[in-house]
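This briefing goes with the sequence and coordinates shown below. It is grouped by topic and can be read alongside the viewer.

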Amino acid sequence: QVQLVESGGGLVQAGGSLRLSCAASGRTFSRRVMAWFRQAPGKEREFVAAMAWNEATFYADSVKGRFTISRDNAKNTVYLQMNSLKPEDTAVYYCAAEGIVYSDYKTYPYWGQGTQVTVSS
């Protein structure tokens, strides 16, 4: 049974940093696309960042230069380092695995439960 468990969310002031973790179990994702999405209240889920099997990385324009996705294959874990956070980054952040189109949430079969990130102004 595949399971993705996120952690690391919380409340932070604008300009601060958080690091999200996504621990995978039940399957090895070292050669799979891993990604982060987020969803704010009343909005559609949106792409944040992804890492391909060859460690190529992709970012939404809104987070480029501020967020960094990385993975530790030995721990089957993917991370999202978020710096210079803004109030508009407030959302529930989801980890996802094995997407076909890295930026399209509809193509990902595996999801975590989400972790809340709140950035105060």
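**Strand β9 and its partners**

Strand β4 (residues 34-39) and β9 run antiparallel and are joined by 6 bridges; strands are DSSP E runs of at least two residues, numbered from the N terminus, and two strands pair if DSSP finds at least two bridges between them. This is a predicted model, in which local features need pLDDT of at least 70, side-chain atom pairs count only at pLDDT 80 or more, and totals for chains, interfaces and linings use all residues. Residues are numbered from 1 along each chain as its sequence is written, and side-chain values use heavy atoms, with hydrogens and water left out.

- With strand β10 (residues 110-111), β9 pairs in the antiparallel sense over 2 bridges, and the bridge partner of A97 in β10 is Y110.
- Strand β9 (residues 91-97) is largely enclosed by the rest of the structure, because 6 of its 7 residues are buried; buried means under 20% relative accessible area, exposed over 50%, and partly exposed in between, with a 1.4 Å probe and protein chains only.

**The four-stranded sheet**

- An open sheet of 4 strands has the order β1-β3-β8-β7, with antiparallel pairing.
- Its edge strands are β1 and β7, each of which pairs on one side only.
- Neighbouring strands of this sheet are turned by 15 degrees against each other on average, direction ignored; the axes are lines fitted to C-alpha atoms, and angles run from 0 to 180 degrees between N-to-C directions.
- Strands β1 and β3 run antiparallel and are joined by 5 bridges, with S7 opposite S21 in β3.

**Residue Q3**

- Q3 lies in strand β1 (residues 3-7) and is partly exposed, with a relative accessible area of 45%.
- Leaving aside neighbours within four places in sequence, Q3 is in contact with A23, A24 and S25, where contact means heavy atoms within 4.5 Å.
- The C-alpha atoms of Q3 and G112 are separated by 7.0 Å, although these residues are 109 residues apart along the chain.

**Nonpolar core**

- The largest nonpolar core has 34 residues, of which L4, W36, V48, F67, L80, M82 and Y93 touch the most other members; such a core is a set of buried Ala, Val, Leu, Ile, Met, Phe, Trp, Tyr and Cys residues joined through side-chain atoms within 4.5 Å.
- Two or more residues of this core come from each of β3 (18-25), β4, β5 (46-51), β7 (67-72), β8 (77-82), β9 and β11.
- Leaving aside neighbours within four places in sequence, M82 has contacts that include L18, L20, F67, Y93 and V117.

**Whole chain**

- The protein chain has 0 helices and 11 strands.
- Its radius of gyration is 13 Å, close to the 14 Å that the globule rule gives for 121 residues, so the chain is as compact as a globular protein of that length; the radius is taken over C-alpha atoms, and the rule is 2.2 Å times the number of residues to the power 0.38.
- The C-alpha trace spans about 40 × 25 × 25 Å along its principal axes.
- Buried residues make up 42% of the 121 residues.
- Of the contacts with a separation of 6 or more, 57% are between residues 24 or more positions apart.
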